[in-house]
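Subject: Structure handover and notes

Hello,

Please find the structure below, with my notes after it.

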Amino acid sequence: MDQARSKISKIFNGEPHSYTRFNLTQNMEGDNSHVEMKLSSDMDEEVGANGVGEHLNHNSNRKAYVAQKLARTPKNLCVLAAATLLIFIIGYLIGYLVHEKTDIPPSSVPVVRPFEEPFAHETGAAPLMDWDDVKKLLAQKLSPAKLESVFSEFSSDSHRAGSSGDEFLASKVFNKFKDYGMKTWTDEHFVKVQDPPASRSNKLKFKNGREERPTGFLSYSGNGTVTGAVLYAYYGQEINFRLLRDRNINMTGRVVLVRAGRISFAEKVANAAKMNAAAVLIYADSADYSIGETTELFGHVHMGSGDPYTPGFPSFNHTQFPPVQSSGLPNILAQTITTNMATSILGQLGGQNVPEGWGGIYKLGDETDLITVEVNNILTEKKINNVFGVIKGFVDADRYVVIGAQRDAWGPGFASSTVGTSVLVELARSISDMVNNDGFKPRRSIVFASFSAGEYGSVGATEWLEGYLSSLSMKAFTFINLDGVVAGWSGFKVAASPLMHSLIERTLKEVKFPKNSASLYSQFAKGNWELNILEPLKLDNAAYPFLAFSGIPSVSFRFTSGNSDYPYFAAMWDTREKLNIATGSQVSELAEVAAQFAGHMALRLIHDHLLRMDLLKYDRIIRSHVSQINTKVKTLQRMQPLLLPKTLTVKWLMSASGSYSRAARSLASDIDNSDLEDIEVCRLINDRMMMVERNLLSPYVSPSQSPFRHILLGSGPHTLMALSVHLEALRTDDPKADADLFRNQFALATWTVQGCANSLAGDIWSLDNEI
């Protein structure tokens, strides 16, 4: 205020012909100071009205002089106008000075000026930490030495699902998550599983030989006793049974002997059941497995996942369902036997020679090679607990990636469960530390999950999916499976949703292989990573139900020994010593790389403003299926026009395929033309990408009857692959083929593809005739 008065005094010094009075009144509510300006003529009127003019101390001569000067002459009017302009400028300067003076904040509060940010803040596009810094932080947190200590802590000789050993490990994982400052919880289920008989035993007797009592078993086998002729069927694949059928071999009532490997135990039994076999015996051939002549095998034969006695529904204690069972349960007997037992049987078989390429000098077996098989497995109910911990995101906390590993095993299960659980716990510790101590702020959340009953067919994981399907399918955008990630050292395999292929390729180039500076990509891709690293996602993989049942893009990976499977996954000899042999004693080093690989994918997904989903991958896959179906339909219409009339056209399926292609490209264009610093815009784009996998689940089939509803990667007559197979069956006059059923499934598949395209295109009012 003093400064303002001083400026006014300087301006008016030496100006005897006029004066101006300033009334400076500060607005107490913090607005700009009010500046009142009055000319002398106004003041005279005010003085006369109020009788307070004495303090002006001006004589009458002075008043007369002023009055004369202010007379309305042209000259005086110009002077008045100039004075008014000068007063306006002076008033503006005084108002500015007073406002600046009165609005100065305390020194402890930062001054915020228009269009300036007082501190960095999170937006939809700009993370607080650069991606390179995130990678370096993760690398600093993980080490082989730290993983070694976790191996020791989580190793256990006995932790079968629902046992005290399993519960003890669950408590350890829970406490670890809690110590890391994560929000933790458990998920309890009551599931039915088959265990080997406690008092009786499973038996087999070949011809007049001695009775064998194997201790290995296959959960969910049919029970009872059958006698039938042995038939050797190699690996029990569909192509093997077709070859036997082409030789006019009657397979009804036969006891099929097959090798372990190439496909799951459940698929072998399902294929034999289609041929009306009575039982299946599975063994580890010495040409494939070096596990010893007397090693017992364990597994399950449910052609599905989860509790088969609550198909499509969660096994919570309060869900009292009437007696029901999965369509994937076999009605024939299934049992594992040792290599010694199998060798003895094979050496006594008669009949035809084995087909060329099956190896060995064995016979296929004839009608006189009788064997009696008895299975007495018991159905028991077990309480299992899944354990969870979450690191919440700072922007989209309700969107999350799930990282999971099974915790149980038939025996020690070092490769099948201990390594995966250890990597899970170490990733939880590392990323929690990055958030709590290093300033890393993930946009989205990470859920760490320790599942039980994995050995019985991903039971714990599937029951969780079934229990929270509506929530998970809307919010979980990726599942990363850590089961069996270290099973060798000379190879590397990845199975995943096509949406994740671009992210996987980039991660392969970022993560280094141990003991050299080469990336996983340069070490194993060999010029074509999709050919040399990618493999199909199989039914017995825990990532499969996340993808094919819930529509969540999923990935599973593992170090391997070339093209060979780790032989001890299904045996009691899955120990640290056996895994050391398979990996050249590099278990901890390979586990660190596996943690880096999983961690890089997860962190990239929660770090970037947009999810890294390759939508055009499915475009190519859909087009490939449509092309095959189109060719087969035209061939069948030409050869058998009565089965498929000309009125059946593939053009609508082709149109749906084109709609998906245009919608995927339209989204790419939307991304290019969007403000990616807008959090809500990024969220809407990400949600559109998340819906792709979910909308490839056929809405026209029941989850309880066909749980794996994905039309591209699932199983059942609703899939595009099944449509091609059905057309082939119609062409060859297979009695099981049904032209009306094909047309129905064909129409439903068409609308599933079209529905996915519509959802990808955006809101309903954004659709047009082209989509």
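A charge is taken to sit over a ring if NZ of Lys or CZ of Arg is within 6 Å of the ring centre and within 35 degrees of the ring normal. By that rule, the charged end of K509 sits over the ring of Y521, 4.9 Å from its centre. K172 does likewise with F154, its charged end sitting over the ring at 6.0 Å from the centre.

This is a predicted model, in which local features need pLDDT of at least 70 and side-chain atom pairs count only at pLDDT 80 or more, while totals for chains, interfaces and linings use all residues. Residues are numbered from 1 along each chain as its sequence is written, and side-chain values use heavy atoms, with hydrogens and water left out.

Aromatic pairs

Rings of Phe, Tyr and Trp (its six-membered ring) pair if their centres lie within 6.5 Å; planes under 30 degrees apart count as stacked, over 60 as edge-to-face and the rest as tilted. Searching the whole structure gives 30 aromatic pairs. One of them joins F217 and W410: the ring centres are 5.6 Å apart and the planes stand at 80°, so the pair is edge-to-face. F217 belongs to strand β5 (residues 217–219) and W410 to the loop between β13 (396–406) and α11 (414–437), so that the pair links distant parts of the chain, 193 residues apart. Helices (H or I, at least four residues) and strands (E, at least two) are DSSP runs, numbered from the N terminus. F217 and W410 are both buried, where buried means under 20% relative accessible area, exposed over 50% and partly exposed in between (1.4 Å probe, protein chains only).

The rings of F388 and F451 also make an edge-to-face pair, because their centres are 6.1 Å apart and their planes at 75°. F388 lies in strand β12 (residues 378–391) and F451 in strand β14 (residues 444–451), so this pair ties together parts that are 63 residues apart in sequence. Both F388 and F451 are buried.

Six strands form an open sheet with mixed pairing, in the order β4-β11-β6-β7-β8-β10; two strands pair if DSSP finds at least two bridges between them. At the edges stand β4 (203–206) and β10 (333–336), each with a single partner strand, so one side of each has no neighbour in the sheet. From one strand to the next the twist averages 30°. Within the sheet, β6 (residues 224–232) and β7 (residues 255–259) pair in the parallel sense over three bridges, and Y232 stands opposite L257 in β7.

Cysteines

How many disulfides does the structure hold? Zero, with a disulfide taken as a pair of cysteine sulfur atoms within 2.5 Å. C682 counts as buried at 3% relative accessibility, as does C756 at 1%.

Positive phi

N248 is not a glycine, yet has a positive phi of about 60°. N248 lies in the loop between α8 (238–246) and β7, and at 71% relative accessibility counts as exposed. K526, also a residue other than glycine, has a positive phi near 55°. K526 is placed in the loop between α15 (520–524) and α16 (529–532) and is exposed, with a relative accessible area of 67%.

Regards

Notes: Axes fitted to C-alpha atoms, helices over the stretch in contact; angles between N-to-C directions.
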